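Have the structure open as you read.

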Amino acid sequence: MDDVLMVKEVGGARGRRACILLAPNQSLSFAGNLWVFISLVAVSLGISIAFALAGAWMVIPFAGLEMLLLGALFGYVYMEGTRREVIRITDERVVLDTSRGSLKRPVYHTEFDRDSLAVLVRMGATPAEPTAVTFSGPEGCLEVGEFLTDAEKAALVEKLGTCGLRARKEQCFRLQDF
């Protein structure tokens, strides 16, 4: 399979051991995002000042609210783009660390016992429906790489398979009463 940029093997696999980095595509850097945002603020400010000079001064507060919302959305999209999931596979454990932004510490840390871990791949009713890759074990159930496309999830399942973690395909998750 071609090398998928969102699913990277870090350090190379050594038999049943590997370290896999999952990261969404962030084609625009923080400086690029800031440049686009400042450009949009300048254009909006120029238009609102022109309207204010023409007598429609009530445009300025709405332009300010628009820029505030746009700034919040730019920040949210940038933070979502800096998500990282690191899957470390050893002989005994499978460790999943999730982080956001420039944090060195993981936001979410989960360890699974390798022998009891089941990798479930949920297949949609149609090929166009998104799939889900889930780690399931006595420790809990956790979806991995929810930001990946179907092809990238297939590459992840293939990399997990090379480390000895075989996936089981499920048509859908069913609710059961206990």
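## Salt bridges, a pocket and a patch

Arg 88 and Asp 97 pair up in a salt bridge, with 3.0 Å between the closest N and O atoms. Keep in mind that this is a predicted model.

| Pair | N to O distance |
|---|---|
| Arg 88 – Asp 97 | 3.0 Å |
| Arg 93 – Glu 111 | 3.3 Å |
| Arg 100 – Glu 80 | 2.4 Å |

Take the Arg 93 and Glu 111 pair, whose side chains meet at 3.3 Å. Arg 93 belongs to strand β4 and Glu 111 to strand β5, so this bridge ties together parts that are 18 residues apart in sequence. Arg 93 is partly exposed, with a relative accessible area of 28%, and Glu 111 is partly exposed too, at 34%.

Now for Arg 100 and Glu 80, which meet in a salt bridge at 2.4 Å, N to O. Arg 100 lies in the loop between β4 and β5 (108–113) and Glu 80 in helix α2, so the pair ties together parts that are 20 residues apart in sequence. Both ends are partly exposed: Arg 100 has a relative accessible area of 31% and Glu 80 one of 23%.

Strands β4 (93–99) and β8 (140–144) each supply at least two of its lining residues.

Over on the surface there's a nonpolar patch made of Trp 57, Met 58, Phe 62, Leu 65 and Leu 68, with about 620 Å² of accessible area together. Trp 57 sits in the loop between α1 (30–53) and α2 (59–81) and is exposed, at 56% relative accessible area.

How many disulfides are there? The count comes to zero. Cys 19, in strand β2 (residues 18–22), is partly exposed at 21%, whereas Cys 163 is buried at 1%. Cys 19 also lies 5.6 Å from Ile 87, C-alpha to C-alpha, though they are 68 residues apart in sequence.

Terms used
Residues are numbered from 1 along each chain as its sequence is written. This is a predicted model: local features need pLDDT of at least 70, side-chain atom pairs count only at pLDDT 80 or more; totals for chains, interfaces and linings use all residues. Side-chain values use heavy atoms; hydrogens and water are left out. Patches are made of residues with over 30% relative accessible area and no salt bridge: like charges are joined within 9 Å, nonpolar side chains (Val, Leu, Ile, Met, Phe, Trp, Tyr) within 5 Å. Accessible areas come from the Shrake-Rupley method with a 1.4 Å probe; for residues, only the protein chains shown count as cover. A salt bridge is a side-chain nitrogen of Lys or Arg within 4 Å of a carboxyl oxygen of Asp or Glu. Helices (H or I, at least four residues) and strands (E, at least two) are DSSP runs, numbered from the N terminus. Buried means under 20% relative accessible area, exposed over 50%, partly exposed in between (1.4 Å probe, protein chains only). A disulfide is a pair of cysteine sulfur atoms within 2.5 Å.
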